[in-house]
Amino acid sequence: MRDAAPTTIYLKDYTPFGYLVDSVHLTFDLADHATRVTSRIAFRPNPETTDRTFFLHGEELTLVRAVIDGIEVTPSITDKGLTVDVPDAPFIWESVVEIDPGNNTALEGLYMSNGMYCTQCEAEGFRKITYYPDRPDVMSTFTVRINGNLPVLLSNGNPSGKGDGWAEWTDPWPKPAYLFALVAGDLIAHPDRFTTMSGREVELNLWVRPGDEGKCAFGMEALKKSMKWDEDVYGREYDLDVFNIVAVDDFNMGAMENKGLNIFNSSAVLASPETSTDVNFERIEAIIAHEYFHNWTGNRITCRDWFQLCLKEGLTVFRDAQFTSDMRSAPVKRIHDAIDLRARQFPEDNGPLSHPVRPESFQEINNFYTATVYEKGAEVIGMLKRLVGDEAYSKALDLYFDRHDGQACTIEDWIKVFEDTTDRDLSQFKRWYSQSGTPRVSVTEDWTDGTLTLTLSQRSEPTPGQSRKLPHVIPVAVGLLGPNGDEVHATQVLELTEAEQSFQFTGLAAKPVASILRDFSAPVILEHDPSNTERAFLLAHDTDPFNRWQAGRSLAQDTLLRMIRQDATPDADYLDGILAVLRDGDLDPAYRALMLGLPTHSELAAELFDAGDTPDPMAIWTAVETLRQATAQHLQDLLPRLHSETLIDTPFSPNAEQAGKRSLGGAALSLTSRLDGGSKAAEEYAAADNMTLQLTALSCLLRTGKGQDELSAFYDQWQHDRLVMDKWFGLQVSMAAPAATVDTARALTEHTDFNWKNPNRFRAVMGALAMNHAGFHRADGAGYALLADWLIRLDPVNPQTTARMCSAFQIWKRYDADRQDLIRAQLNRILETPNLSRDTTEMVSRILG
Ligand code: PHE
Ligand code: ZN
């Protein structure tokens with residue numbers, strides 16, 4: 001049962017634990033419904049504090065026995081943990097508990113997925129395995145013995161013994177409990193090796209269920225590339241004899257960086273050309289890198305408390321983005337990241353769930369694994385690097401690893417290594433960690449006598465709990481282009497530190513066009529209103545690939561907003577500009593494909609709302625469809641050429657080059673199907689020999705209102721493959737017309753393969769429903785009601801996934817009074833559900849405000 005008043009935890013209340021842990025020995029006797037966990041833990045008083053309260057976390061555990069220094073004791077137990085009197089000297093705590101992994105549907109702690117045992121301990125899952133000080137600043141070495149009649153028994157560290165029905169693992173590196181992992185099951189290894197920079201041999205294994213052996217090769221290559229890259233770029237070497245990755249089908253998140261034993265959602269690691277799209281491949285490569293990079297940024301140096309989550313996540317996302325830029329195309333990666341940030345982080349930061357990169361309070365930490373902590377956290381590091389320069393950044397990172405290896409750190413420690421390296425005072429920069437909300441930077445230009453003056457001003461709207469904001473340090477990268485398109489002033493980083501500041505560029509022969517916020521140098525909203533002629537000029541000439549793309553995006557947004565508000569017709573500057581870029585065969589196909597992208601419906605809704613209008617989801621839908629149709633017509637003569645230019649005559653590879661071609665070819669196919677009623681798409685579907693093409697062709701058909709035969713053929717072909725079936729479920733909802741979306745989603749929830757307790761399957765349908773803007777926001781509220789029904793149903797089974805999906809409602813105040821009433825009613829209905837989880841209660845209460 002839920003507490004009447006959920007407790008709020010504050011950063012300012014942090015105190016160290018009264019005891020240090022010298023070693024942990026665990027023994028698991030595995031049984032589906034009665035696993036026994038025996039612990040033997042060496043504690044000693046922590047000399048850094050006088051607080052001697054001995055509290056061990058523990059939830060959903062049945063205590064069988066507790067012993068201190070060999071003498072049985074009787075702790076006092078609540079649903080949160082236990083307390084007991086302990087000696088004021090080093091002592092040994094032993095306990096035996098019983099747990100029920102077979103009934104653990106929340107997928108936190110020790111649980112079962114398709115007959116295999118696995119664990120998820122971050123953030124606070126270890127307390128569902130045994131009694132322990134389950135906090136990241138308590139670090140210890142672990143020895144784990146697993147007894148169980150399963151062929152593969154894994155835990156962290158190095159193997160230290162095995163026999164019939166048992167295995168033992170020893171992890172020499174002190175770690176917090178959230179990095180503990182155990183896996184046991186009938187698994188098959190995809191083995192490989194890696195020789196580290198100092199010549200140590202590491203055994204690598206990717207463990208999968210029988211049947212998935214053919215989907216391992218790509219992930220393994222990605223792992224080896226990541227290991228090499230971290231040596232080359234950060235000087236970081238792997239530190240154990242083995243590195244294991246396990247794929248599980250039931251997992252709440254993408255993947256988890258447990259020391260030496262990463263556990264992955266199978267969707268984030270398994271890949272093959274027949275079953276995975278290029279987008280899947282790129283994401284898998286990035287997630288493997290991300291989890292591997294945590295070995296240093298997260299594991300060797302961990303977080304003092306969960307408020308410091310961005311210390312490991314922001315930095316590790318930043319590192320995986322650098323990796324992807326190096327492996328693939330840097331401009332394309334930067335554009336993707338900006339698109340994602342605007343689509344996911346901006347709405348969060350400008351709505352009721354807004355919180356700082358380092359939050360100051362929480363009720364349920366699982367609710368703070370957010371786009372703000374991860375992606376804005378990574379952007380903050382990108383700004384820091386831009387401000388101090390690449391060389392100082394590397395020096396600061398070396399110092400960070402030297403100084404803090406083996407410690408549980410804070411953002412203050414992180415900032416300090418930069419201050420010590422550069423002698424720069426970063427106290428104002430630190431506001432990026434404490435102030436929430438997306439800053440807006442507006443620009444005005446003055447041109448007199450060969451001098452261009454740019455006046456930049458910044459402001460941030462109030463956010464929950466923060467009514468007044470102080471100025472940030474904002475790096476604004478600017479370049480100038482002359483009238484003939486040549487760059488007359490190379491990229492320079494302007495440091496905006498005050499509310500308003502002017503910067504001058506002198507000695508210019510003619511009035512230049514300014515390219516502002518190049519490379520998306522700060523996670524801000526730029527309010528700069530160049531004329532459409534200037535935008536078209538930048539789209540044709542900007543030497544910064546990000547801003548060239550941005551110019552096209554702004555033109556598209558501008559024409560869409562005028563189409564929505566004033567029934568305008570599609571703008572010729574946009575159509576001609578896009579045509580010219582798409583014609584340019586020297587440009588990377590992936591980049592050209594991005595040029596065809598449009599702002600999402602939800603972004604348009606946000607723009608309208610910011611300008612004081614009430615977004616009408618159907619009007620947005622109509623404008624986007626009209627612009628797409630006009631684009632197809634305008635590019636009509638070019639489409640066959642785009643098709644032939646993107647043909648691939650070499651064997652399939654998921655590399656950036658081929659992926660770029662397929663992406664441009666797919667974008668062209670989608671336009672073509674608006675003109676030919678889908679006949680080309682039907683041909684391509686029939687000929688497809690990889691999932692990217694198969695899925696693209698099917699989407700084009702479904703959007704044209706066709707493709708029912710292909711849809712059932714797809715089902716017959718792939719019904720044995722859970723990951724492909726997730727696509728089958730999701731696609732139908734994303735491609736449904738506005739009036740059909742809710743019914744399509746509802747019908748799919750009645751399908752025999754709608755295994756709703758599996759987070760991937762649940763998200764495939766309900767996530768796609770929430771993302772289909774016009775369908776979800778149907779005027780009668782049926783979309784809201786369907787999502788709420790399912791959230792209410794999922795909550796007792798899996799609170800974490802339920803709570804995350806509640807964020808679909810965070811944008812509710814943008815819409816008209818009727819829709820607001822409809823959404824509010826659903827949020828209240830969720831909140832009034834008896835025994836609602838702490839996770840969902842916190843999310844819904846914050847959304848309601
Ligand atoms: N720490 C994981 C990552 O970022 C994410 C995660 C959090 C996974 C909580 C599971 C549970 O890589
Ligand atoms: Zn991470």
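Reply: Two strands pair if DSSP finds at least two bridges between them; helices (H or I, at least four residues) and strands (E, at least two) are DSSP runs, numbered from the N terminus. This is a predicted model, in which local features need pLDDT of at least 70, side-chain atom pairs count only at pLDDT 80 or more, and totals for chains, interfaces and linings use all residues. Residues are numbered from 1 along each chain as its sequence is written, while chains are lettered from A and ligands numbered from 1 in the order in which they are written.

Me: What makes β17 and β18 a pair?

Reply: Eight bridges join β17 to β18 (residues 201-208) in the antiparallel sense, and the criterion is at least two. Ala-189 stands opposite Trp-207 in β18.

Me: Why are β17 and β20 called edge strands?

Reply: The open sheet of five strands runs β17-β18-β19-β21-β20, with mixed pairing. β17 (188-195) and β20 (255-256) each pair on one side only.

Me: How do you know the span of α11 is close to the expected one?

Reply: The expected span is 1.5 Å times one less than the number of residues. Helix α11 (residues 572-583) has twelve residues and reaches 16 Å from first C-alpha to last, close to the 16 Å expected.

Me: What puts the buried residues on the same side of α11?

Reply: Tyr-574, Gly-577, Ile-578 and Leu-582 are buried in α11, that is, 20 or more other C-beta atoms, placed from the backbone, lie within 10 Å of their own. They cover an arc (of the directions from the helix axis to the C-beta atoms) of only 130 degrees, and therefore lie on the same side of α11.

Key:
A residue is buried if 20 or more other C-beta atoms lie within 10 Å of its own, exposed if 12 or fewer, and partly exposed in between; C-beta atoms are placed from the backbone.
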